[in-house]
Amino acid sequence: MPTISISEAREEYDVAIVGSGAGGGQMAYTLTLAGIKCVMLEAGRSYDPVKETPMFQTKNQAPLGGSSTPDKDFGFWDATIDGGWDVPNEPYTQASDKKEEQFKWWRARMMGGRTNHWGRISLRNGPYDFKPKSRDGLGFDWPISYRDVEDYYTKVEQLIGVYGSNEGMENTPDSPAGVLQPPPKGRVGDLMTQKAGSKVGVPVVPIHRAVLTRPLDADTIPAKLHPKNKKAQKIVADSMRKRAACFWATDCGRGCSIGANYQSTTVHLPPALATGNLDIIPNAHAREVTMGENGKAKGVLFIDKTTGKEERVNAKAVVLAASSGETVRILLNSKSKQFADGLANRSGLVGKYIMDTVGSNLRGQIPALENVSPHNDDGAGGSHFYSPWWLYGEQKAGKMDFARGYHIEIGGTRKMPGGNSPVPGNYLKGLYGTKLKEEARRYYGSFIGLACRGEMIPNENSYADLDPEVKDKWGIPVMRWHWKWSDHELNMATHAQKTFTEMIEAMGGTVQGKPNMRGKDTILQGGEIIHEVGGALMGDDREKSVCNEWNQTWDVDNLFLCDASPFASNADKNPTLTIMALAWRCADHIIEEAGKGNL
Amino acid sequence: MDSETNNSRLPRRTVLQWFAAAAAAGEASALQGFAQSAAPATTGYGTDPNMAKIYNPGDVWPLTFSKAEKNAAVALADVILPADDLGPAASTVRVPDYLDEWISAPYPKQQKDREAVLPGLKWIDEESNSRFQKSFADLSLTEQQTICDDLCREKQPDPEWRKAAAFFHSFSTICIGAYFGTPEGWKAIGYVGNTPSGIFTGPPQEVLDELGLEQTVKD
C-alpha cells in the first residue's frame, strides 16, 4: 500500500482522518472521490493483503500447527499483525481486579485495522434498533431513524459486496432487489441446525456477509454509487474489476489476497489512493487533536513510531475513526484551556456508555454426524446461516426477563484440522493406535457450536477514562476500563444456553459439558466479542450527547467521529456495516458543507 | 495446493542437520540432568512474523530433544499413531519434530506441556528398563503396548502413574494436533478442502440423503 512519511506531507489538508479501518476507509473513499484532499494516520505499519495474506498455507506449515499464542491470539495465519489483547508498549488498565468488571480490549495495529480479520458479518440495524428507548424505555434513542440510513446501507452493500437473502423478518431489513449477492449453499451443520430450529421454533436463514459469491457488476454499480461523477465511476469500476469472487477455500480471518471479501485495504483504500487525493502516513500513533484559537480543530498531533518524535498534520477538519476506545483516548488527552476535561467533552459524556456484544457459546455432539462421508465443507470461509432474533413479540408482550435480542451464529466443525486436536480430548482419552484414528475419524465434524451475539444496553457502570498514573511508551496516558453487565445481558445469556440446549437436543445431540444456566457464569467477558461501541454518543441534545446526527461533535464543529463511538445502542447486528453507512453519510455531509464554503 | 504441500516436506539434508543438532543438544542436556526441563531462554515469533513463508520445526526457536528423548518420542508417537489403512505412522509425517518444536516454544501453554513431556519421556524409558531392561524405543510393539495399556487405565491409584498417565494424555494430544494437520492426516480423518473451486455446491446429495437433510438454498 503506497504511503508517505511526515516529511512528504502537505502543509495543510482538507481533512485529517485517524484510522484506516471500516470508518476511516469509508470516509477516505467518499471524500477523496469527491475531490477532497485527505491525510490518513494509521498507528500500525503498512500492509499489503495481496502479498502478505497466507491463503493456502496449511496448519502444519506454521509454528505450533498454527494454534493461538500470546503473539497471535487467533492463530498464526490470522490476518492480524501487531495487534491483539495486548499490544506491546501500549498498556491499558482496569479499574477493578474482578474479572467480571474488566474489559478485554482488542486492538489492531496495521493498515486496515480490524477489518483485516473480522467475521465479515454485515447486518443492517432495523427500525427498532435506532429507537430502542421508545420501545422499551431503556438506553437511548438515536437522533436518526432507519429511513435516514437505509440508502447508505444499500450503497455500502453495493460497494463492498454482501451475500445473503431477503427474508422479510421483523426488524431484520431486506435490501432492495438485486443488491445482495446470492447466498452460498447450506453446509451440513447449517442445514442440521435449520432443521432442528424448525422443531423448536427458532428460524435459521442465510446470513449476510461481505464476501463476493460472484464478481461485482463493475459496469452498473459505480454509476449508482456516484451519479454525475464520471471520474469516481471509472476509479471505482477499475477497483471492482480487481476483486475476484470467492473460490471457496481458506478462512476469511486470514484476509483475502484476491479481494473476495471486504477489508479496507482491498475495497476502500485502493480507489481512494487512485484519486491522488489521499496520503497515508503509517506508524502514526495519534496523541491529540490540536486546536486553533478560533475553537476549531486544526489537525492531529501524533508520535511517529519510526523515530519516536512528535509530529503534526494540519487540516481544515478532523475525523477520528480510531475505534471507540482509541477515539475516547485521543479526545480525553486533547486538553486545552477551552476543553480542560478533554475535547468535545462539555457534556462530560466522552468515554461513557461503552458497549460490547453479549457472547455465550455452547457446543453439542451430534451422533448423526459421526462418520459422515468426507466432503468439502469449507464454503465461504465463515458463516453461511444464522438465526436473526425471533422473539420481538414475546418481549413486547412482557413475557421475557431481558429487553433486547440476540442472533445465533452457527459453527460447523468439518474445518481444516491441525494445531489443536480436531476432536475434544475427552473423546480420545485413553486410546491409541488404529482405534484412536478410527475414533478421531468418527467424531471429526460431529460437533456443532452455537453462539449468542446479543444486544447490550448502555449503562452507567461501563465506561472508560484515562488512567491517572499509567502512560504508554511515549508518555501518553492510557485507557482505564470500567465494566458491568446488567441483568438484561445476564438473563439473555441464560436464555441462549437454554435455547441452544433445546436445539442441540432437537438434533439428537448432547450438550458438551454442562449447559450453564447462570448468566454470570456463561457470559463472555466484556470486550471479548470485539464489538466495542459507544463512548461518544450521538443525540439531539448537546447537554446529553457528544455528537449530533452527522457524527459531528457538538462542541467542535469541524470534528467528526466516524468509528462506532457515536453509537447510541449496540443492536445484536454486528456494528461494521453501520459504521460504514454512517461514515458515508457523514462524508456526504462534509462534502455538502465544503461545497458551501464551510470547511 | 500440491506445490505448497510438497514444500512442507523437508529435504533429507535438513533432517540430517536436525539429528546432528539434537545429538549435540543431547550431550549438553545430559550434563544438566533435571535442569533440562527449565524454560528455554528464547522469545516467540513476535506479533509480526513473516506469513508469506512456510515454517519447519527449529526455524523460530531452538529445539530441545536429546537423542534419547527423540528416540522415545518417535517410538511413542508411532505406537499412538501407527501406520495402518488410515495412513502412515506419526514419525513419517514429522510428528516428533513438531512435538519438539511444541515443547521448546516460549509460550505458557507449551511450557506447561514441556513440564509434562520431558520428565514423561525419561519416565517411560526408566519404566521400560525396569520391566524389560531396554529403552522404550527398543521394545517390541507388544511390550510398548503393554506399557501404553497400563497408562490408559482409567483409574490410576498410584501418584507416579497418575503423573505418567497425564503425560501420556498431553503427549498424545500434541501428536493428534500435529498428525491431523498434515495432508496425510486430513485423509485419515476425512477432511477434504483447501482447494480453490469456481462453485460451491454444498454437501453432495448422498451426504444429504445419509443425514435426511434437504438443501434449502436453491439455485
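**Close-up views of a predicted model**

**View 1. A polar contact joins the side chains of Glu310(A) and Arg287(A).** The two side chains are 3.4 Å apart at this contact, in a model that is predicted. Glu310(A) lies in strand E8 of chain A, which covers residues 309–320. Because its relative accessibility is 43%, between the limits of 20% and 50%, Glu310(A) counts as partly exposed. Beyond its neighbours within four places in sequence, Glu310(A) is in contact with Leu301(A), Phe302(A) and Ile303(A) as well as Arg287(A). Ala218(A) is 92 residues from Glu310(A) along the chain, and 43 Å separates their C-alpha atoms.

**View 2. Strands E2 and E5 of chain A run parallel.** Strand E2(A) spans residues 38–41 and is joined to E5(A) by four bridges. Leu41(A) has Ile281(A) of E5(A) opposite it. Within E5(A), residues 278–281, Leu278(A) and Ile280(A) point one way, while Asp279(A) and Ile281(A) point the other way. In a regular strand, side chains alternate between the two faces of the sheet. Leu278(A), Asp279(A), Ile280(A) and Ile281(A) are all buried.

**View 3. Helices H5 and H7 of chain B pack at an angle of about 115°.** H5(B) is formed by residues 108–132 and H7(B) by residues 159–179, and their axes are 9 Å apart. The crossing of these helices is left-handed. Residues of H5(B) that meet H7(B) include Asp113(B), Val117(B), Trp123(B) and Arg131(B). On the H7(B) side, the residues include Glu160(B), Trp161(B), Phe167(B) and Ile174(B). By class, the contact between H5(B) and H7(B) has 10 nonpolar, two polar and four charged residues.

How values were computed:
Residues numbered from 1 in each chain as written. Chains lettered and ligands numbered in written order. Predicted model: local features only at pLDDT ≥ 70, side-chain atom pairs only at ≥ 80, totals over all residues. Heavy atoms only, no water. Buried < 20%, exposed > 50% of the residue type's maximum accessible area, 1.4 Å probe, protein only. Helix = DSSP H or I, 4+ residues; strand = E, 2+ residues; numbered from the N terminus. Pairing = 2+ DSSP bridges. Contact = heavy atoms within 4.5 Å. Polar contact = N/O pair within 3.5 Å; in protein donor to acceptor, adjacent residues only side chain to side chain. Axes fitted to C-alpha atoms, helices over the stretch in contact; angles between N-to-C directions. Left-handed = near helix turned anticlockwise from the far one by under 90°. Nonpolar A, V, L, I, M, F, W, Y, C, P; charged D, E, K, R; others polar.
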